Structures are given as structure tokens and as C-alpha cells.
Amino acid sequence: MNRSFRTLRERRDKIIEDERTIQLQERVKNIRAYSIKNMDLLIEKVVKNFEKNGVEVILAEKSEDALDALYSIVKDESIIAKSKSNTAGEIGLSEFLEDKGVQVVETDLGDRIVQLDPDSNPSHPIGPASHLRMDDIVKIISNEFNIDIKPEPRAILDIIKQDVLLKLAKCNIGITGANSVAADDGSVITVHNEGNINLVSMLDIHIIIVGIDKLVETIEDAVSVVKLETIFASGKTVPAYMNVISSHSKTADIEKILLDGMYGPRRVVVILLDNGRKQAIKKGGECLLCIGCGSCIVTCPIYNEIGNEFGYKRYLGGRGVVLSSFIDGNQSCFDSGLFTCTLCGLCTNKCPVGIKTNNLIKNLRNDSVDLNIIIDEHKSIKDRIKKKGSPFKQ
Amino acid sequence: MIIYFRGCVVREKLKYISDATETILKRAGIDFTILTNETCCGSILMRTGFKDDAKEVMKDTLKKLEEFITKDDKILVSCAGCYNTLKNDYNELFGVNLDVIHTSELISQLISDGKLLVKKIPNKVTYHDPCHLGRHSSLYEEPREAIMEICTLVEMDRNRENSRCCGAGSGVRSAYPDTALLVAQRRIEDAEDTKAELIVTACSFCILNLQNALKHRMNELSDDTVDVNKSSINKVLDISELILMGLEDEKIGN
Ligand code: SF4
């Protein structure tokens, strides 16, 4: 993981000093700050504009609401396809569907590999398999498909692709996340490099699950956000694909009669998830400025050693720890690694939108101690300091 | 006058740092007093969630300092954590502006003012920026200037605001010693890449953690017969110790 992260850092460090990137960064900071400030208005607008465009929209307050809504759509399916989504990870979508007997096919190569490996979880938002070495991957694949394959990237890609395509042919429903959502236009932007979202979003029904924090005003704003995300995540200015989805597929070419689902989906359903985000906004909302670039975990010294143990579900590293307190409460925040952080500030240093994650963590520690969710050794140190002015035992 | 606030680590674990600092101050003819009844600066408490206890302890320490110092006094610290806390956190919490100076700043001033004469030593050293001094207090150049007065400085790939944390701070070393060690070992590797012989830093807490990692590294390497001499680093030093090496007729107090 350290090696993949180093290459990424070197490539990225050049482009983030570019004048244009700096300007874009300023723009995006304003866009995100506006969104957090005007969340209720944006939600109101996006619901109206989605409906105008023929996109169904469901507001989900909690994980369970999102899962219920989702299940009512997929309940008759035996298999569905999915692309990478932190929000889906947050609500435990795959586990939920598998429990209900609906098979979920991950379509991102890295995620698919991780899905086939019983022992691992994604380690970077864009490079979920960066903690696995070639040999590990070969082992995972030979176990799954009962074949011998060469430790060679192309061979691995081919076998996964073939298998995923076969399974996709059986799917009627595709689930994706969204990288940014434009409220005034009623549009969703997704970003990907593999082209898998092109396939998943063309199935009969396309379900998009997204947190309300992804809302911005316009498509132009949304493009700015995803462009900056791409720059900080990959060191490139653009991803292979940015899809803008504002409606289901339709045609009126036969006597002006409107028909749904020409080549693309008949229905597009957006599930907008709150799950503690409004609560986070009440407390300042700083952690929701995040554009999900993963830059903070690339530089995080703790993450570099212990990986996704530090973070909450697919929200990796310190920023995930902060978010977990709003989604899941203080105990969960503690379990995600509230006290594993050295407050070194490297995450803050390279955050494109200037989130001071180390300060947020410091403040959450105060809350945690108030609730008596503490590290025992810290309490002993505190007692010694108060008793004899020194943290040390002897 | 200089009031020397040694900090708990130096006071109780790394006394040779205060010895080195005192020697330097005497050599430069600086009028100084050691704050003998010093209490905790409050940094650890503040960063492990005990905000009320921290405030209590900090108020007490502030009272002691205010009783002791006059308006022309400077508070000298060896530890980057004490520096950040006394200088920045006390300001934020109590609105006071303590005149705090880190040993690396003072030493670099003394050398450039010609008050401290040092001779060149042949060693090649690399400098580890403590988070509290660097990213949190923007003090990057003074330690480097001091180092370059006496020997060759080679930078690690990750330096200044990008410096990798040593892994010890904010209660991580006491709560998760294994993780703290892993991070410090990675920092030792960063330093090895420069082919320097010494890591110099300016934080007593970083020193504790990096020394521990270096010890593990040495043990690891002595088990490995093929690569015995791979680590170029043989010591982690405080900046005061390095300067001591450049003072004639002085031995390292370690
Ligand atoms: S907190 Fe900042 S650096 Fe981390 S993922 Fe979000 S935007 Fe990127």
C-alpha cells in the first residue's frame, strides 16, 4: 500500500501546485460552503427538479429507510449489479441484499477482487485493492474460479471482466452512487475510469444512492467538484468518464408517442440519504465539505500503517472517524479510531477544501471523554498528571 | 532573562537534553534560570479529550509562570509540544501572549549573533520536523539554520509541512504502542533513504519514539546477516546535543 500511495503522491504533488488547480480549489471551497449553508433549500430544489425530469426521488432519513426503499424495488430480483459507492457501504447495502437472497455483483475491478476475498475491505476510495499484492490477488482468483492463472495483471483483468459481463447479462437493476448532484438542474454526476457505470446505469432500472452532502447548485458546480476530486485523487485533471444523468432513457420518435427505456433505463430512482448529516450540519458541518478525494489518507501516517482499521466503513481515515460520530454515535466513533490519531495535521495540510480533520478529532475526543468513552491508559496518565504533575509512572 | 521550562520528558526521561542546553547557554554567556517547580504544560490532557482537567492544570501552570516571569523574560522550551501549547493554546484559551522560544530558535540566534562559536563536524544529518513545531507552529527554518552551521544537512523526501509524523503524539504512544512504533520505523526508513548518519530533531517526545524505533531497527538488522550495514542512521539526537558536538572540549552528555 505504501508503494502505491507514494507513486500517487508524487504524481499529484506537481499538478496541485498548478495555478488553475488553485483557482479551481477556491471555487470548489465556495461551492461546498454554500451547499452546507443552504442544505434545506438545495434538498427542496433537487426534489422538485428531479421530478420535473422524470427521475423518482426518495428522501431517506436513516439507513433503514434507504434499505426499505431499495428493497421494495429489487425484491423480485435474484441478482443485481453495482458500482463503487461509499454511501452504499455506509448503509450496508450489499450485506443487506445478500441476506435477503439477492446476489450483488461488484463491477469495479478492485472492488470485485475485494468482494471475492473473504479477508479484506477496500483501502482507498479509488484504489480499493491497493493493499493487495499480485500474489494475493492470484490466490483469491484461483480459489474463486478453481483455475490456475498467471500472476499477470491482464490475465486477472480478463478473467474478472468475463465473469462480471456474464453476470451483468442477468441483471435488470443497477445501483450506483453519485459524485455530485446538481439541485437546480436535477442532475447527477458520476465519475469512473473503468466504464462500468456506463453498463450498470443502462440496465432496466438505475438506482442512485447518495448522501445529501453531495448536493451543489448547478451542473457547472458539480463538474468543478468532481474535477477537483479527480485531481486530488489521481493526479490527473479528468477521469475517463463523467456521466451526467438527468432522466431515464426515452424516445418520442414514433408519432410523438413517449416511450420510456429505449437503450437505457426505464426508471431512474435517486435515494437521498440524510443519516446524521443534518445533525453534522447543525454542528458546523465542516466534515461534509469533503469531496471524497482520499488525499488525506494518502498522507496519513497512521493510515499508511494500519490501513482501513482507521476509519468508518468506506469512509477511510480520520475524516471517516469524524463522520461516524454523526452517522453512528460516539461509541462507533471511538471504535473507528478516535484515539488512533496523532493529530499531526498532515490530512489537513493536503485537503483540497481545507477541512481541519485534526481539530475535529480533537473536539470529538472531548465529547467522548465527557461520555466516559475513554482509553484507560489515558485516564491513568491524567490521574498522574493531576496528582504529581507528571505523566510518567516512576 | 531566559526561564528554562524543560518539560516532563526532558525532566524525567532525557535529562541529558537539559544538561546539553545548560552547557550551551553557559557557553554563550546567557543569563538563565531553570523553572524548578514546573508543572505540566497540559498538552497531553488537551489532546486526549480531558479538556476540563487540561484547563485546570494549564491555569495552574500559567499562574506559576506569571509569578516567576517579568515582562522581559523569555520562556525557553526543549519540547515542541510544550512550545505549541504554551505559545498557541494558552493564547487561544486564556488570551495570554507568552514569550516562548524553542532551543532551536535560540541556538540559531546565538550562532548568528556570534555569541556561540561552533566548529564544523564531519557528520551528515537529517532533520525531522516535529508536528508541533512545524505544521502547528510554522517553525521550519531555525533548526535547519542551526544544523547547517555545524554540519551537512540532507533533507528527507517528506520534510517541512509534508513531514511524516513520528507516530507518538496525542496519546497514541500510550494507547497504541505498536502503531506508534510502526510509524516511527517508517520515519527511520525515510531518514535512511537520505544516507545520513544522524537524525536530529527538536522534540523530546519524538526523540523517545524514534529512538525506540531505531533500537528495533538495529535488532532487526543484526538478525539479518545479508544486510547488516543497511541502516546508515546510528543515533537520534536533540538539536542541543548536536550543537554540543560542535563545541570544543565538550562531550555528548548522553
Ligand atoms: S477530507 Fe479533504 S482530503 Fe480527505 S477525502 Fe475529504 S476532501 Fe479529500
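**Two chains and their contact**

User: What area is buried between chain A and chain B?

Analyst: In this predicted model, about 3,500 Å² is buried between chain A and chain B, and carbon and sulfur atoms give 58% of that area; buried area is the accessible area (1.4 Å probe) that two parts lose on being put together, summed over both. Local features need pLDDT of at least 70, side-chain atom pairs count only at pLDDT 80 or more, and totals for chains, interfaces and linings use all residues. Residues are numbered from 1 along each chain as its sequence is written, chains are lettered from A in the order in which they are written, and side-chain values use heavy atoms, with hydrogens and water left out.

User: How many residues does the contact take from each chain?

Analyst: Chain A gives 37 residues and chain B gives 41 residues, where contact means heavy atoms within 4.5 Å.

User: And how many salt bridges are there between chain A and chain B?

Analyst: The count is four, a salt bridge being a side-chain nitrogen of Lys or Arg within 4 Å of a carboxyl oxygen of Asp or Glu. One of the salt bridges joins the side chains of A:Lys386 and B:Asp53, at 2.8 Å from N to O.

User: Switching to the sheet, what is the strand order in chain A?

Analyst: The open sheet of four strands runs β8-β5-β6-β9 with mixed pairing; strands (E, at least two residues) are DSSP runs, numbered from the N terminus, and two strands pair if DSSP finds at least two bridges between them.

User: Which strands stand at the edges?

Analyst: β8 (215-216) and β9 (241-245) of chain A do, each with a single partner strand, so one side of each has no neighbour in the sheet.
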